[in-house]
Amino acid sequence: MEKLEKENLTEVLLSLQQEVHAHLRDTDQKREHLFELYLKIILSAFSAFVGLEFFKLEWPSGAVALALLILILLFAFGEAVFFAMVAARKWHVEYMNVHIIIQSMLVQQSSEVSAGIVSPELRQPFLPSTFTNRYFLLVQICVVGTVMVIITLLSKVMTTPLVFVLGSVLIIAVLLVNNVVARTLLEKAEQDFWEHPERSWCLSGLLAKVQK
């Protein structure tokens, strides 16, 4: 199969690089918008509870049940947002690594799409930001805060201290499951990407252009 001439190869790679940058910006913007929406909803809900003095006054059982339902929905939404942040992290790093591969192809004027074209020290890791990135930390803090509010409301209905024990166990379990699953997903994504970078949708179309 004839390869593209160097001029055409460079043109194709530069065009793809711009496309990757556009997708990277779009992914980051969507992540930030979802994060901001979640924070606004959580802050509004917590402010409403504080403003209504929900934890000080005696409320009818129906009002408490409605509040618990809202909080459970907020908890579920928080979990969905957390794993959306994990997915956004996966796509962000994948686009960054695709950019590095394209840069290496430009420097070497190579049409080869493989992990070997990029040295290990230049590769962007998928994992570290799981525990240090503000998106992961703040979402998990909000999720834990939601669980704590649920426990506080339950303690108004169930006066047994067992509520706080079970609540503490639930918080630990949520944090543990979230971090273990997030780590597993990102490790798998990193392994899959570097085993077959040519299967990334960004690069699979490139192969059709540079190899004819």
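Select Asp28, Arg31 and Glu32 to begin: a network of salt bridges links these residues. A salt bridge here is a side-chain nitrogen of Lys or Arg within 4 Å of a carboxyl oxygen of Asp or Glu. The model is predicted, so local features need pLDDT of at least 70 and side-chain atom pairs count only at pLDDT 80 or more, while totals for chains, interfaces and linings use all residues. Residues are numbered from 1 along each chain as its sequence is written, and side-chain values use heavy atoms, with hydrogens and water left out.

**Charged side chains**

Remain at Arg31 and Glu32, whose side chains meet in a salt bridge of 3.7 Å, N to O. Is arginine 31 buried or exposed? Arginine 31 is buried, because its relative accessible area is 14%; buried means under 20% relative accessible area, exposed over 50%, and partly exposed in between (1.4 Å probe, protein chains only). Glutamate 32 counts as partly exposed, at 30% relative accessibility.

Next, select aspartate 26 and lysine 30, which form a salt bridge with their closest N and O atoms 3.3 Å apart. Both lie in helix H1, four residues apart, about one turn of the helix. Helices (H or I, at least four residues) and strands (E, at least two) are DSSP runs, numbered from the N terminus. Aspartate 26 is partly exposed at 33% relative accessibility, whereas lysine 30 is exposed with a relative accessible area of 54%.

Move to helix H5 and select lysine 188 and aspartate 192, which are four residues apart there, about one turn of the helix. Their side chains meet in a salt bridge of 2.7 Å, N to O. Lysine 188 counts as partly exposed at 46% relative accessibility, and aspartate 192 counts as partly exposed at 34%. The structure holds six salt bridges.

**The whole chain**

Now display the whole protein as a cartoon. Six helices and zero strands are present, and the pattern along the sequence is α-α-α-α-α-α. Of the 212 residues, 40% are buried.

**The nonpolar cores**

A nonpolar core is a set of buried Ala, Val, Leu, Ile, Met, Phe, Trp, Tyr and Cys residues joined through side-chain atoms within 4.5 Å. Which residues have the most contacts inside the largest core? Select Ile101, Ile102 and Val139, which hold that place in a core of 49 residues. H1, H2, helix H4 (134-157), helix H5 (162-195) and helix H6 (201-210) each supply at least two residues of this core. H2 gives the most to this core, with 17 residues. Another core, of five residues, lies apart from it and includes Val144, Val147, Ile151 and Ile171. In soluble globular proteins, nonpolar side chains tend to be buried together.

Return to valine 139 and show its surroundings. Leaving aside neighbours within four places in sequence, valine 139 is in contact (heavy atoms within 4.5 Å) with Phe35, Tyr38, Gly78, Val81, Phe82 and Met85.

Glutamine 17, in helix H1 (residues 6-51), is the next selection. This residue is buried, with a relative accessible area of 11%. With neighbours within four places in sequence again left aside, glutamine 17 is in contact with His99, Ile102, Gln103 and Leu106.

**Aromatic rings**

Seven aromatic pairs are found in the whole structure. Rings of Phe, Tyr and Trp (its six-membered ring) pair if their centres lie within 6.5 Å; planes under 30 degrees apart count as stacked, over 60 as edge-to-face and the rest as tilted. Select phenylalanine 35 and tyrosine 135: this pair is edge-to-face, with 4.9 Å centre to centre and 80 degrees between the planes. The pair links distant parts of the chain, for phenylalanine 35 is in helix H1 and tyrosine 135 in helix H4, 100 residues apart. Phenylalanine 35 is buried at 4% relative accessibility, and tyrosine 135 is buried at 6%.

Then select phenylalanine 126 and phenylalanine 193, a tilted pair with 6.4 Å centre to centre and 45 degrees between the planes. Phenylalanine 126 lies in the loop between H2 and helix H3 (129-132) and phenylalanine 193 in helix H5, so the pair ties together parts that are 67 residues apart in sequence.

**Last stop: helix H2**

Finish with valine 64 in helix H2, a buried residue with a relative accessible area of 6%. The C-alpha atoms of valine 64 and valine 157 are separated by 8.4 Å, although these residues are 93 residues apart along the chain.
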